[in-house]
Amino acid sequence: MATFIGFLAIIMWAMLALFTDISGKVPPFQLTAMTFAIGACLGVVSWLWRPGAAWHLRQPAKVWLLGIAGLFGYHFLYFTALRNAPAVDASLIAYLWPLFIVVGSALMPGEKLRWFHVLGTVLGLAGTVLIITKGGGLGFDPRFAFGYAMAGLCALTWAAYSLLSRRFSEVPTDAVTGFCIATSIFSLISHLLLEQTVWPEGSVQWLAVLGLGLFPVGAAFYVWDYGVKRGNIQVLGAASYAAPLLSTLVLIIAGVTEPTGRVTLACLLITLGAVIAAKDMLFRRRQGSQPGSAISN
């Protein structure tokens, strides 16, 4: 169940591209500050019927450092990469984080990396390459080395945050509310230093910003935290490659882009990769249906 809850984050991240497109020309850091503030409100509201939950914000400095570095650090590095390298190249490098999660999980206590985890993740990466590059080639240019480096650090940051969160499994997910508040504040500071303020125009754009804050930049981080701490992190890492595919399918349904054979092939590769990566978990579940068996995520 915890793995499924973590996968809900991937489903919500699939709405990121559509909502961002609808939100208009709001600068990245301003949009991040606005949406993380909304995401933080989700946690604060949940405290109304859970007295004492706010005390979960009292965590050691290393927990706060991890949370802020993960949420704010990832977005800061990602936007920096986009400013200093072609978007396609930077996005592809940044989306190496699922691979880093799967490979890095072998270093975690109680985890074991198997061949099907790696194969499933590589197939997912291949499908993601088709989605992001739109079937074209990559043109890595030494002039954009700084941007590529920022994208690589971006991928490592989110992978490290996800893996290290598992080491702090005793920290309640309520702490993510504090991370969202801090990320919103730091993003606002970055916006004031680097960008010109542009507000959404009309109710549709404001609703898109609200949607971003409630789902892909809100609830998604709460369920991801729960999933990586208590679920099968290797399966979640491999399944994360479904996010760009699902995002493309959402854009197709919304009429923003057209379906192609490339999308179909990417769908097959990512689906096959996810199934292969989850082979061990699926096998254990089938065994768990027998009397006396235990089911584990």
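Is Y78 buried, exposed or partly exposed? Y78 is partly exposed, with a relative accessible area of 22%.

1. Basis of the note. This is a predicted model, in which local features need pLDDT of at least 70, side-chain atom pairs count only at pLDDT 80 or more, and totals for chains, interfaces and linings use all residues. Residues are numbered from 1 along each chain as its sequence is written, and side-chain values use heavy atoms, with hydrogens and water left out.

2. Cysteines. Zero disulfides are found in a search of the whole structure, a disulfide being a pair of cysteine sulfur atoms within 2.5 Å. For C180, the nearest cysteine sulfur belongs to C41 and is 10.0 Å away. C180 counts as buried at 0% relative accessibility, whereas C267, at 29%, counts as partly exposed. Here buried means under 20% relative accessible area, exposed over 50%, and partly exposed in between (1.4 Å probe, protein chains only).

3. Aromatic pairs. The structure holds 22 aromatic pairs. Rings of Phe, Tyr and Trp (its six-membered ring) pair if their centres lie within 6.5 Å; planes under 30 degrees apart count as stacked, over 60 as edge-to-face and the rest as tilted. Among the pairs, F72 and F76 are tilted, at 5.7 Å centre to centre and 35 degrees between the planes. F72 is buried at 14% relative accessibility, while F76 is partly exposed at 32%.

4. Y74 and Y78 are stacked, with 6.1 Å centre to centre and 5 degrees between the planes. These two tyrosines are separated by about one helical turn because they lie four residues apart in helix α4; helices (H or I, at least four residues) are DSSP runs, numbered from the N terminus. Y74 is buried, with a relative accessible area of 16%.
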